[in-house]
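Please look over the structure shown here before reading on. The numbered points below take up a helix pair, a strand residue and some charged pairs.

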Amino acid sequence: MRTHQLVLEWIENQLASGELALGGRLPGERAMAEQLQVSRTSVREAVRILEAMGVVRAGVGSGKDAGTIVIAEPGSALGSTLRLHVATRHLPVPDIVETRVLLESWAAERARPGVAALDDAAELLEQMENAPDVDTFLALDSRFHVALAEAAGNAVVSAMMASLRGAIENYASELTGNLPDWNATSARLRAEHRAILEAVNANDGGRAAELVAAHIRGFYAEAGVGSAPSPK
């Protein structure tokens, strides 16, 4: 594991446990190097990468602005940037749709039956059956897609999908107002989720990839968002 990934994982764990909050300061280079058993140079490199990602802000000097401050949750940094670009028309939603299709169909084709991420996906499907409202359903839905991506075992694809999760929820939430019948749509989405998971568990990657691509495009098409033509 690269050092910046080690530091990133540590920050995520600290945020999850409540030992570190947004706006909190990371330990100094020496303390972090000792705690993570890496060199101070490696910690410095990791902080630079995290600063470029928008996760931390590195201060200099002394006083209240000194030290390295956590300014965003690691998994949300890229998603926030993407939402900003879409809101300002820099990235059209159809392009985001096609990016999802590329990432998720690739992951579905390579997902490995029997991994823990698929157990998580199955549990999320059960929770979707009893989701009390649209927002809860969409949150579970996005987590399901992240779990499927994780089942492929590619750390970069998993990180990209995790970063996109918040953006996916926001887009979907905004578009549900365009749907003629949410109950019918949610029932169809659940059935499609089950079919995708069944194909993955049956080790039919080609079928799973086709199903997830149709699933993503189908939702956005029903909500009135056009997308680029499917690859021939």
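1. Helix α5 (residues 93-110) packs against helix α10 (residues 205-222) at an angle of about 160°, and their axes are 8 Å apart. Because of that angle, α5 is roughly antiparallel to α10 (the term covers angles over 145 degrees). The crossing of the two helices, α5 and α10, is right-handed.

2. On the α5 side, the contact (heavy atoms within 4.5 Å) involves Val93, Val97, Glu98, Arg100, Val101, Glu104, Ser105, Ala108 and Glu109. On the α10 side, the residues are Gly205, Gly206, Ala208, Ala209, Val212, Ala213, Ile216, Arg217 and Tyr220. Sorted by class, the contact of α5 with α10 has 10 nonpolar, 3 polar and 5 charged residues; in this sorting Gly counts as polar.

3. A note on the source: this is a predicted model, in which local features need pLDDT of at least 70 and side-chain atom pairs count only at pLDDT 80 or more, while totals for chains, interfaces and linings use all residues. Residues are numbered from 1 along each chain as its sequence is written, and side-chain values use heavy atoms, with hydrogens and water left out.

4. Is Thr68 buried or exposed? Thr68 is buried, with a relative accessible area of 16% (buried means under 20%, exposed over 50%, partly exposed in between, with a 1.4 Å probe and protein chains only). Thr68 belongs to strand β2 (residues 68-70). Apart from neighbours within four places in sequence, Thr68 is in contact with Gly24, Arg25, Leu26, Val47, Val56, Arg57 and Ala58. One of these, Val56, is 12 residues from Thr68 in sequence and 6.5 Å away in space, C-alpha to C-alpha.

5. Side chains of opposite charge can pair when their charged atoms come close. The model has 9 salt bridges (a side-chain nitrogen of Lys or Arg within 4 Å of a carboxyl oxygen of Asp or Glu). Arg40 and Glu29 form one of them, at 3.8 Å, N to O. This pair links helix α3 (residues 40-53), which holds Arg40, to helix α2 (residues 29-36), which holds Glu29. Glu29 is partly exposed, at 27% relative accessible area.

6. Glu29 also forms a salt bridge with Arg44, where the closest N and O atoms are 2.8 Å apart. Glu29 lies in α2 and Arg44 in α3, so the pair ties together parts 15 residues apart in sequence.

7. Arg188 and Glu222 form a salt bridge, with the closest N and O atoms 2.4 Å apart. Arg188 is in helix α9 (residues 182-201) and Glu222 in helix α10, 34 residues apart. Through shared partners, salt bridges join Glu29, Arg40 and Arg44 into one network.

Notes. Axes fitted to C-alpha atoms, helices over the stretch in contact; angles between N-to-C directions. Helix = DSSP H or I, 4+ residues; strand = E, 2+ residues; numbered from the N terminus. Parallel < 35°, antiparallel > 145°, perpendicular 65-115°, else oblique. Left-handed = near helix turned anticlockwise from the far one by under 90°.
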